[in-house]
Structures are given as C-alpha cells and as structure tokens.
Amino acid sequence: MLELKPLFDIEEDVAPWLLNRRLTSLDEEDESTSPSRKELQIVNVEKNGSILYTWKGMKGNTCIGIYDPHNKQNQLLYAFDREAPLISCSVNTERTLLAVSILQFTRRGLPVETFRPVSRCLTLLIEIHPVNNTKVLKAVDSHVRVQFIHPAANTRAFPENHLLVVSEDRCIEHVHIRVAVEEGCRVVVQNPDRLHKTILAEDFLWAQWDTQEQRLFYIVEKENNAVLMCIQFYPDRNYEMQLSFPLGLSLTATKLRLVNFGFNHFQEEEESLELLNLQVFTNHAGWRKTFAVSLEASECDCITEPTFINIGYYIAVYMPGYFLHLINTQLPNLACHSLFLSGKDAKVKPWNDQRYMLSLPGSVLDCQLGKMYKADLNPQLLLLFMRGSKLDCHQLAALHCAVFYLQDSSETETQIIHWMCGMPVSGSFDLIQEFILGTLYRKAISETNTVDKLLPYTSLFNWDGEIPGITYSTEKISQPAFGEKIQNLQGFWEELNRNVESMKNLESLHNPWHNNSSMRKIKAQLFSNMKVDERANKHFRNTLENAKKVLSKVDKCSSEQQAVPLFQEEDCHQMVLTGLMVEKLKEYLLNYLHYIGRKKIDLIVNNYVVNLLGCIWQIVDKIWKKYGLKSHILCLSSRETVNPAEFIVFHMMTRVLEAVEGLFLPLPPELDNSETNESLKFSIVTRIPETFGQKICHLWDHPISSSCIARNYVETLLRNHCTQQKSKHFSLRDKTPFESDFLPLTYLARFLTEVEDQALNPFEDQENVDAKFVEVAALKQTLTILGLEDE
C-alpha cells in the first residue's frame with residue numbers, strides 16, 4: 001500500500017556527470033573523476049534538498065560534491081589531497097563554507113591507534129569560494145557530526161553563518177562564523193582563531209535535527225525522568241529554547257543515537273536494543289499515544305527496528321516482514337482512524353529488508369545504495385484494501401485515509417461512493433456520515449488550519465471495538481510544555497500552544513454543535529412563530545437571509561452533466577435548517593476564534609455549509625449516474641415494468657436521507673414543479689410507506705399533495721360518520737354566491753360541512769382543512785380526470 005517513488009539515484013544522477021568530466025577534462029591527472037560505484041556515498045541532505053556525496057579520486061584522494069534536485073546539476077565542492085574517510089559534511093546556503101569531520105590516518109594508511117597522541121576525529125571549517133584556508137574546529141577521539149543552520153527561504157543571513165557541532169561525547173556546540181568578501185569575490189572567515197562558540201547541551205541521551213524547520217531536539221535526564229527539549233533557530237535572530245516536555249519515562253539506553261545528522265558510513269555496528277529508537281514529528285495533534293504490537297510469525301529471519309516515515313497526515317511505522325502502521329496524526333483521539341496492517345498487506349516496495357533507510361522530511365534515503373525516494377500511498381492498493389476489508393476498524397480507517405490523503409480526486413470520490421452503495425449498514429458507524437464529515441473536515445482545514453480542533457470529522461464519540469494485534473493508550477497533554485520565559489511564539493509554536501490549550505476543553509469532541517438537540521427546538525419554534533406572523537418574526541427572516549447567502553455561493557453548474565437537478569427552488573424547511581446551521585456554527589466558532597475576526601469566521605462558515613450541500617448532492621448524483629438513471633426515470637407505474645436499478649437508487653437515497661438527518665444537517669433544496677420533476681416527486685411519494693407519505697404530503701405545497709390531503713380527510717370523515725344516520729335534504733335555493741354551480745360539488749361540500757361539525761379533525765394539529773379547501777381540491781381533481789383542466 002505504501003510505495004517509494006524515486007527522487008534521486010546516485011548511479012543515474014551523479015555517475016554520468018563524473019564520467020563526462022573525465023572524458024572532457026584536458027588534465028589527465030584530474031583528481032575528481034572516474035570513481036567506482038562503491039566509492040560513491042551519500043553523506044548528508046540539506047534543507048533545500050541538495051544532496052552531499054563523496055567519492056575517491058583517481059589518485060586515491062577524497063572528493064566532495066553536491067547535487068541540486070531543482071536544476072538537476074552537480075558541482076565539485078572540495079577535494080582533499082589524500083584519502084580522508086568522511087564522517088560528516090555540511091555546506092552553507094551560499095556554498096562558500098564547508099564543514100567536515102574526518103577520521104585521521106597514519107602514514108601507512110591505517111587508522112590512528114588509540115594510544116597515539118593524535119585525535120581520532122578531526123572537524124574542519126573550509127573556505128571554498130574559492131578554496132582558501134582551513135580552520136580546525138574540534139579534535140577529539142569520538143565521532144563528530146556537523147550541520148549548518150540554513151535561513152528561511154528568501155532570507156539572506158550572510159555575512160554571519162551558524163554551525164552545529166555535535167560530538168558523540170554528548171556535547172552540542174553552536175558556532176558563530178562571520179565572513180567577509182575580499183577582492184570582489186573571495187569569501188574568508190573573519191577572526192578564524194576567535195570564533196564564538198556556545199554550548200547548547202551536555203550529557204544528552206539522544207538528538208535529532210529537523211532539517212525542514214531548523215529545530216534541534218534532544219533528550220536529557222532530570223531526576224530519573226527523560227525530558228524532551230527543543231531549540232528553534234530563526235533567520236532574523238539567534239535561537240530560542242521553545243520546548244521542555246517530560247516524557248514520563250526513565251531511559252536505559254547505553255549508546256547515543258543521532259537522527260538526521262547525515263549518514264556515517266564508518267559507524268560501527270550498533271545493537272538496536274541499546275539505542276533509543278525515537279523520532280519527533282511536529283504536527284498539531286495535542287495527544288500522546290502509546291502502542292503495543294504483537295509480532296506474528298514472519299518470513300524475515302531477523303527482527304529489525306521500526307522505521308518512521310512522515311507522509312503528511314500520517315506517520316508510517318514500518319518493520320519489514322512484520323507490520324506497517326499508518327498512524328493518523330490529524331485525527332488522534334480514536335485509534336480506529338489509524339490503519340494497522342500486517343502480513344501481505346504490510347509491504348513497502350521497493351524495500352530491501354536488510355537495508356537501513358534514513359527518514360527525512362518528505363523523503364526516505366537509502367544511504368547504502370545511494371537512492372532517495374518519496375514515500376507515497378498507492379491509491380489503487382488503498383481502494384482495493386478498503387473494498388476487501390471485513391473488519392469495521394479497517395473499513396473506517398481506509399475510508400478516512402482515502403478521503404484525507406487522496407484529496408480532491410473525482411475518480412476517488414466516485415469509487416468510494418460506489419463502494420458505499422454496495423456495503424450493508426454497519427452497526428458500529430454510518431459510512432455515509434463518515435464520508436460527509438471527513439470530506440467537510442478535509443476541505444475546511446485545507447482553507448485554514450485554525451478550525452482543525454473545532455469541526456467534527458467523525459460521527460463516533462468512542463470506539464469499543466478491538467483492533468487485532470494492537471493495544472494502545474491515549475494521554476491528553478494537559479499542561480502547556482512551553483517555558484514561562486518564552487515571550488514570542490511564532491508560526492508552528494504559536495499554533496501548537498493554542499492546540500495544547502484547546503485540548504483542556506473537550507466540548508468540541510463530546511458535545512458537537514451539529515448534533516445539538518437545541519437546534520431542533522429552535523427550528524420547531526421558528527416554524528411555529530412563522531404560522532402566527534411571518535413578517536413580524538425577525539429571527540425567521542434573518543435565518544432565511546443566512547441561507548440565501550449560502551445558496552448564492554453554491555455552484556449550480558458542473559463540468560460534467562448533472563443527473564440530479566437540485567438547487568432549483570427555495571425549500572422553506574431546508575432553508576431554515578441551512579440558516580440555523582450558519583447561525584449556530586458562527587456562534588460556536590466565535591467562542592474559540594474570536595481573535596481572527598467576524599469576517600474571517602463568516603467566510604469559513606459559509607464555505608463549510610456550501611461544501612456540505614455540494615457533498616450531499618455529489619453523493620446522490622453519482623449514485624444516479626452509476627445506475628444510468630436520469631432525472632425523469634425514477635417513476636413507478638407497476639412493479640413489473642420498473643428497472644431494478646431504480647429500487648437500488650431509491651434505497652440509497654433513503655440511506656443518504658437517514659445519514660443526514662442523523663447528523664441534523666441540511667439537504668440541498670429540492671426540485672421545482674416542472675412536469676418532469678412532478679412525476680419524479682410523485683413517484684417517490686408512491687414508494688414510501690403510507691404513514692410516512694402522509695407526513696410528506698403536508699410538507700409538499702403542490703396540487704398533488706393537496707389532493708392527497710383532501711382525499712384522506714374526506715375518507716376519514718365519512719368512515720367516522722354514522723352510517724345509520726339518515727341523509728338530510730339540502731335546498732339549492734339557499735345557495736350562497738361563493739358556492740359552485742357544479743351541483744354535485746355543492747351537495748358534497750354541504751354534506752361534508754355538516755359532518756365536519758360533528759367529527760373530530762384528525763389532521764387538526766397539522767392542517768386546517770375546511771369545506772372550501774375540499775371543494776377546490778375536488779373540483780381540480782374532477783377537471784383533471786375529465787381532461788378539462790386547461791379550459
């Protein structure tokens with residue numbers, strides 16, 4: 001399901017360039033060409049995606065090059081005059097300074113022995129624009145990693161550069177390097193013998209460099225508790241401690257692990273049990289989750305440690321041969337929204353079980369083979385898994401994964417809707433509700449991430465089902481993890497702090513505004529007041545205005561022909577519900593987002609309701625298109641002549657209606673009363689149960705509906721009338737000016753008036769049907785039967 005798409009291959013993107021240099025070089029002694037494949041090694045990846053690599057020259061010396069993925073060009077940065085086993089390497093943004101750490105050798109070409117008075121590792125700062133001087137930064141016996149801090153895009157930090165020097169003796173230094181331009185282009189380090197150095201951390205147990213966001217994470221132990229620290233580096237100022245968060249555990253790791261500080265090809269074999277296998281991914285979750293996994297039998301001979309991969313809304317945790325878990329970081333509170341795969345479903349291609357993969361922001365690096373990949377979900381495999389899943393947890397997780405990760409794909413939406421059509425109703429959740437809420441949530445947070453903790457993404461409040469092979473626990477981060485001394489939280493940190501604070505109030509999760517019973521009461525009260533005096537009801541008028549503003553934004557045209565012509569008239573009931581949704585959602589968001597202003601909230605709410613109506617229409621429209629129906633076909637004359645597809649479509653429409661009503665969401669306005677749509681509506685009324693049909697008739701302001709009401713009313717009166725009562729004689733001489741000249745109708749109206757005075761009206765609570773109404777309805781029906789309605 002997870003696949004690796006090639007981004008870089010050192011054999012294809014570097015080796016031909018080196019071969020060309022050898023063939024076109026006038027100097028046969030060119031020391032930077034003709035390497036073998038084994039000598040080409042990736043050592044680091046910078047923020048902008050540039051890849052640093054090294055190879056052995058023709059004279060046996062060590063060369064350093066860089067590949068720019070944007071223009072797909074290579075450049076030689078520096079060449080040593082001898083073999084220099086490279087531990088670590090980094091270049092500044094301007095490519096004027098190069099920092100390297102190398103292992104020192106004896107004259108006989110063997111590594112320096114530990115008893116010799118020469119440091120085993122040497123860290124150098126080299127001027128390379130042009131090649132000028134070299135400065136020794138550190139000489140120790142332990143390995144050292146180097147990493148330049150890169151400023152934000154379009155920000156020029158020159159003439160000062162910043163370098164991190166991370167030693168495996170558990171010390172992190174920050175080096176300030178000021179440079180000057182001499183003779184027009186020659187860049188040199190100012191005061192190289194007096195570089196300002198600051199110790200950032202000592203005695204740390206683990207460290208990680210966030211290349212993309214320029215953050216340093218590390219863990220120290222305080223009072224037998226591991227504490228995660230984070231330092232943020234800024235382009236306009238130095239750095240600031242931003243995070244100090246107790247992990248609530250005591251670490252027993254005996255060896256240091258460094259994450260995303262390049263790849264050391266000379267690193268000794270490490271026992272994974274002695275290392276802290278941890279990686280930090282920065283997102284807006286606000287929770288801490290712990291998973292315990294049972295390892296089933298596998299074809300893999302040995303157990304390797306898990307690899308963590310960031311793929312947007314998900315963190316993939318992969319142990320080749322055992323499991324692939326897609327942890328949903330956008331929807332963190334319910335584990336059933338995460339996808340836990342094992343066996344044949346837990347494959348990542350092409351992934352060699354024996355290789356070490358380095359996870360970088362947006363990519364995965366195979367350092368041994370010299371290849372870089374972009375981790376991505378395979379849409380076809382995801383949809384196949386979704387359709388073939390038997391477990392509720394897999395169906396739900398795969399549905400949300402497809403909705404979120406595959407974004408606005410019309411083909412994907414169509415396949416999901418078709419799949420939902422064929423799925424039986426589940427007792428755990430409603431697939432249609434999950435699709436609607438997931439789609440709305442994804443569209444809302446794509447416009448602004450300020451609503452990610454406030455809008456619903458699922459109809460579930462909890463999950464009682466089991467996930468095979470998984471046990472988990474969830475802890476809410478109840479207290480802010482930021483120190484009081486921090487004065488200026490910017491960007492991600494401001495957002496993270498707000499989300500952590502919002503987790504203290506779980507109202508948005510356990511008391512969703514869209515399912516609030518108070519809205520039902522308000523709607524009923526509005527209709528009650530409307531019957532009394534519609535013009536005097538200001539709330540009712542404002543509600544309709546809210547709905548009209550939303551409907552004016554609904555795109556009535558589509559790039560493809562519509563099968564279901566909705567949005568054609570003003571349906572009063574749905575207009576009121578739409579307006580109420582706008583009103584209550586605005587009030588709800590103002591409680592949490594008042595600082596962004598009313599205009600921004602109005603835009604968010606209106607777009608949300610527009611997307612809601614559009615999503616429901618899309619579901620119905622794609623159902624009709626799947627079965628080849630047109631807007632005038634869904635009509636029953638007799639069961640023998642009806643296409644079976646019509647019953648399937650009608651069944652799905654009732655499921656959509658049930659799902660929407662269960663969430664108390666508005667439907668798109670119904671059809672107008674054109675001849676084609678009248679037949680469609682009447683066919684729907686004839687299909688539904690009689691008791692439900694009577695309620696529908698009272699909501700449909702149409703002659704067909706009025707005729708049905710009249711017939712039912714007359715039938716009820718006559719059925720309840722005493723059959724033994726002698727019929728009275730009516731004199732037509734006393735006919736009023738308002739009575740019809742059609743004598744049967746006049747007689748019927750007088751008779752019903754007398755019966756009505758003696759009988760209780762069963763429709764009194766729903767309609768006031770008087771004799772005049774019956775007369776008009778009966779006359780219209782008679783004229784229709786006789787074919788005289790146009791005369």
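Ala, Val, Leu, Ile, Met, Phe, Trp, Tyr, Cys and Pro count as nonpolar, Asp, Glu, Lys and Arg as charged, and the others, Gly among them, as polar. The views below show a predicted model.

**View A. Lining of the second largest cavity.** The volume of the second largest cavity is about 50 Å³. Its lining consists of I42, V43, N44, V45, N260, G262, F263, L358, L360, L365 and C367. By class, these lining residues are 8 nonpolar, 3 polar and no charged. In total, the structure holds 6 cavities of 30 Å³ or more.

**View B. Strands around the second largest cavity.** Two or more lining residues come from each of strand 2 (41–45) and strand 26 (357–360). Strand 2 contributes the most to the lining, with 4 residues.

**View C. Axes of helix 5 and helix 6.** Two packed helices are described by the angle between their axes and the distance between the axes. Helix 5 spans residues 410–422 and helix 6 spans residues 431–447. Their axes come within 10 Å and cross at roughly 160 degrees. Angles over 145 degrees count as roughly antiparallel, so helix 5 runs roughly antiparallel to helix 6. The crossing of the two helices is left-handed.

**View D. Side of contact between helix 5 and helix 6.** Helix 5 makes the contact through E413, I416, I417, W419 and M420. Helix 6 makes it through L431, I432, F435, T439 and R442. The contact residues of both helices divide into 7 nonpolar, 1 polar and 2 charged.

Notes: Residues are numbered from 1 along each chain as its sequence is written. This is a predicted model: local features need pLDDT of at least 70, side-chain atom pairs count only at pLDDT 80 or more; totals for chains, interfaces and linings use all residues. Side-chain values use heavy atoms; hydrogens and water are left out. Axes are lines fitted to C-alpha atoms, for helices over the stretch in contact, and angles run from 0 to 180 degrees between N-to-C directions. Angles under 35 degrees count as roughly parallel, over 145 as roughly antiparallel, 65 to 115 as roughly perpendicular and the rest as oblique. A crossing is left-handed if the near helix is turned anticlockwise from the far one by less than a right angle, and right-handed if clockwise. Contact means heavy atoms within 4.5 Å. On a 1 Å grid over the protein atoms alone, a cavity is a set of points where a 1.4 Å probe fits but cannot get out, and a pocket is an open set with protein on both sides within 12 Å along at least five of seven lines; lining residues have an atom within 4 Å of a point. Grid points are joined across faces, edges and corners, and a volume is the space filled by probe spheres set on the points.
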